[in-house]
Amino acid sequence: MKILYGMQKPDEGTIAIDGEQVSFNSPGDAIARGIGMVHQHFMLADNLTVLENVVLGGEKLYGIGAKARKKILEISDAYGLGVRPDALVEDLGVADRQRVEILKVLYRGARTLILDEPTAVLVPQEVDALFDNLRELKAEGLTVIFISHKLGEVLKVADDITVIRRGTTVGTADPKTATTKQLAELMVGSELPTPETRESTVTDIPMLQVKGLTLAEAGGVTAPLAAAAQDRNEDTENVHEHVPVGRLLLDDIDFTIHKGEVLGIAGVEGNGQTELIEALMGLAAPDSGVITLDGVDITKHPVRKRREDGIGYIPEDRHRHGLLLESPLWENRILGHVTEAPNSKRGILDPKAARKDTERIVREYDVRTPGIDVTAASLSGGNQQKLIVGREMSHNPKFLIAAHPTRGVDVGAQAQIWDAIREARREGLAVLLISADLDELIGLSDTLRVIYRGRLVADADPATITPEELGTAMTGAARGHLEATDNHSAAADGDTTEDEAR
């Protein structure tokens, strides 16, 4: 796809558009010929608005003002993208960023769209909406190249299927007659791996307890907790925290994760998952609430202390929060664990030991690389993710935050990451799993909770819930305990308006 988009030059072979052979020296050349690409890792500037990101590099098309805004809203409305031109990109969730990327290539007049794992961040209902969009694009004469390892989706949306394995075309298939089993055989030579966990390893020993966790929007108005308690005629002794009065990003979150348990959190992007992770890691100070790890109150502990106390972290965006892309693999192995063995000895970094342990991680986690001195940027997404998983598991964490642990990785790496989490769970690891892949969430979790607008609004049994029922609850349309009895799987609370559900 990088070659088709002009990011990389081929050694041999030809590319033809409308029967005419072409050669691209840059993405600009590809864009000029009507090719647009939405990358697995988005190419957006966080500190700019949606409008600024869309017009950047395409200022000559519609200017940078009212005309550009009008065109953006026209495209957004035509394809149901729901894009807000003045929103800052850094405030958007991953699903919204993806829609901005799609709009950006349509804005430039793309006639051929390359979408790399476009459904990785979407719930089933959003996937259906995206497929409707793709069919609209196709009806208007556009061509879509849809890259995915979700075989059911490929069969549902594709007109033709080509299977590539290790850089070689290994077969083609007709979606009208092909089965997921046949495609899996072509892709990996065997049946596709499944996240399903059959045996329970949950103990009755609490590892992580979260009580009354509340976090207000930065810069929001807060009032002393003591004053709020006095208003309710409660005891105010030893109260020093603040109760937020403005918009709540996390609203009275309570849960317990036991040793050997995976707690899955389901929710549409932007409903408080990121803020929950930041509060647990110490990156954001909650306004109220208590976080207890293995019986110790860590609410006020800094990030490094939490790491040393046994918290592992697989971040939701490996490029922004998990790796130094231009640094070698052995330096990336040290990240987040600078003070711990084997990375340091008596307070001094130990590069030799870190290098040796990086070689072990590469070997044990099957990180495909020519060596540990190459940069992290030179690895594929799946191998970058395996390096991060290997790094976090190497410190025998008590509690692991796994945020989208297999997002955008190939099926082989996906299976290895699932195995690593299952193996550690058997040995007593407590895991908080946050994922947009609902099959992964249902398959790996022992307990499921739904987060909506910063509140845990529902829970479900992973053994009986379906992805569609879980997706419905994620929109806020269902509350309480979800029973897999009808399409909504729970009694809606009756007060949810159509706008709230959207």
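Is His-404 buried or exposed, and what is its relative accessible area? I looked this up first. His-404 is buried, with a relative accessible area of 6%. Buried means under 20% relative accessible area, exposed means over 50%, and partly exposed is in between, with a 1.4 Å probe and protein chains only.

**Ground rules.** I am working on a predicted model, where local features need pLDDT of at least 70, side-chain atom pairs count only at pLDDT 80 or more, and totals for chains, interfaces and linings use all residues. Residues are numbered from 1 along each chain as its sequence is written, and side-chain values use heavy atoms, with hydrogens and water left out.

**Whole chain.** I counted 19 helices and 22 strands. Both are DSSP runs numbered from the N terminus: helices are H or I with at least four residues, strands are E with at least two. Of the 502 residues, 49% count as buried. The accessible surface comes to about 24200 Å², and carbon and sulfur atoms hold 49% of that. These areas come from the Shrake-Rupley method with a 1.4 Å probe; for residues, only the protein chains shown count as cover. I then checked contacts (heavy atoms within 4.5 Å). Taking those between residues at least 6 apart in sequence, 66% join residues at least 24 apart.

**Positive phi.** I went back to His-404. Its phi is near 50 degrees, a positive value in a residue other than glycine. His-404 sits in the loop between β18 (399–403) and α16 (411–426). Asp-252 belongs to strand β11. Asp-252 is partly exposed, at a relative accessible area of 42%.

**The sheet with β11.** I followed β11 into an open sheet of four strands, ordered β11-β8-β13-β14 with antiparallel pairing. Two strands pair if DSSP finds at least two bridges between them. β11 (248–258) and β14 (296–297) stand at the edges with a single partner strand each, so one side of each lacks a neighbour in the sheet. Helix α10 (residues 273–281) packs on the sheet and touches β8, β11 and β13. The direction of α10 makes about 65 degrees with that of β11. I noted how such angles are taken: axes are lines fitted to C-alpha atoms, for helices over the stretch in contact, and angles run from 0 to 180 degrees between N-to-C directions. Inside the sheet, five bridges join β8 (residues 206–216) to the antiparallel β13 (residues 288–293). Val-210 stands opposite Ile-291 in β13.

**Aromatic pairs.** How many aromatic pairs does the structure hold? I found two. Rings of Phe, Tyr and Trp (its six-membered ring) pair if their centres lie within 6.5 Å; planes under 30 degrees apart count as stacked, over 60 as edge-to-face, the rest as tilted. Phe-131 and Phe-146 have ring centres 5.8 Å apart and planes at 75 degrees, so this pair is edge-to-face. Phe-131 lies in helix α6 (residues 124–139) and Phe-146 in strand β5 (residues 143–147), so the pair ties together parts 15 residues apart in sequence. Both Phe-131 and Phe-146 are buried.

**Around Pro-342.** I checked the peptide bond from Ala-341 to Pro-342. That bond is cis, with omega near 0 degrees. Pro-342 lies in the loop between α13 (329–334) and β16 (344–345). I also looked up Ala-353, which lies in helix α14 (residues 351–364). Ala-353 is partly exposed, with a relative accessible area of 21%. The C-alpha atoms of Ala-353 and Asn-343 are separated by 6.4 Å, ten residues apart along the chain.
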